[in-house]
Amino acid sequence: MLGSIIWFGLGLALLYFTWKIGLGMLRSMTSTLPPPPPAGEMRRINVRYRCSSCGTELRMTMAPDQDPPPPKHCLEEMDLIAPVD
Ligand SMILES: [Zn+2]
């Protein structure tokens with residue numbers, strides 16, 4: 001009887017630690033992503049990118065800064081095409 005109580009306690013402790021570790025991992029995963037800046041701090045830009053692998057083109061109209069790093073497509077960074085105004 002005493003033995004099963006001890007095992008029950010150990011199980012609870014294990015559950016508790018798993019929960020704590022899970023929460024910590026969740027927190028560290030979410031904290032690696034910085035929160036997006038408020039809309040007022042976003043820059044209106046107008047640049048086009050083309051994927052050198054498949055030819056997809058896209059236009060970026062908003063970015064946190066004036067000269068954002070190029071997006072990725074087909075696992076490669078897209079080429080900047082001349083800004084359109
Ligand atoms: Zn592509």
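Reply: Start with burial. In this predicted model, 1% of the 85 residues of the protein chain count as buried. The cut-off is 20 or more other C-beta atoms within 10 Å of a residue's own.

Me: What makes the radius of gyration of the protein chain stand apart from that of a compact globule?

Reply: Set the value against the rule. A compact globule of 85 residues would come near 12 Å, but the protein chain has 24 Å. The C-alpha atoms fill a box of roughly 80 × 35 × 10 Å along the principal axes.

Me: How is the protein chain divided, and how far apart do the C-alpha centres of the domains lie?

Reply: Domain 1 covers 1-33 and domain 2 covers 39-81. Their C-alpha centres lie 43 Å apart.

Me: Which elements does the protein chain hold, and in what pattern?

Reply: One helix and five strands. Along the sequence they read α-β-β-β-β-β.

Me: How do you know that E1 and E5 pair?

Reply: Pairing needs at least two bridges. Strand E1 (residues 43-50) and E5 have three, in the antiparallel sense, so the pair meets the definition. Tyr49 stands opposite Leu80 in E5.

Me: Why are E2 and E5 called edge strands?

Reply: The open sheet has three strands in the order E2-E1-E5, with antiparallel pairing. Strand E2 (57-63) and strand E5 (79-81) each have a single partner strand, so one side of each lacks a neighbour in the sheet. Neighbouring strands here are turned by 40° against each other on average, direction ignored.

Notes. Residues numbered from 1 in each chain as written. Predicted model: local features only at pLDDT ≥ 70, side-chain atom pairs only at ≥ 80, totals over all residues. Helix = DSSP H or I, 4+ residues; strand = E, 2+ residues; numbered from the N terminus. Axes fitted to C-alpha atoms, helices over the stretch in contact; angles between N-to-C directions. Domains from an automatic or database assignment. Rg over C-alpha atoms; globule rule 2.2 N^0.38 Å. Buried ≥ 20, exposed ≤ 12 C-beta atoms within 10 Å, placed from the backbone.
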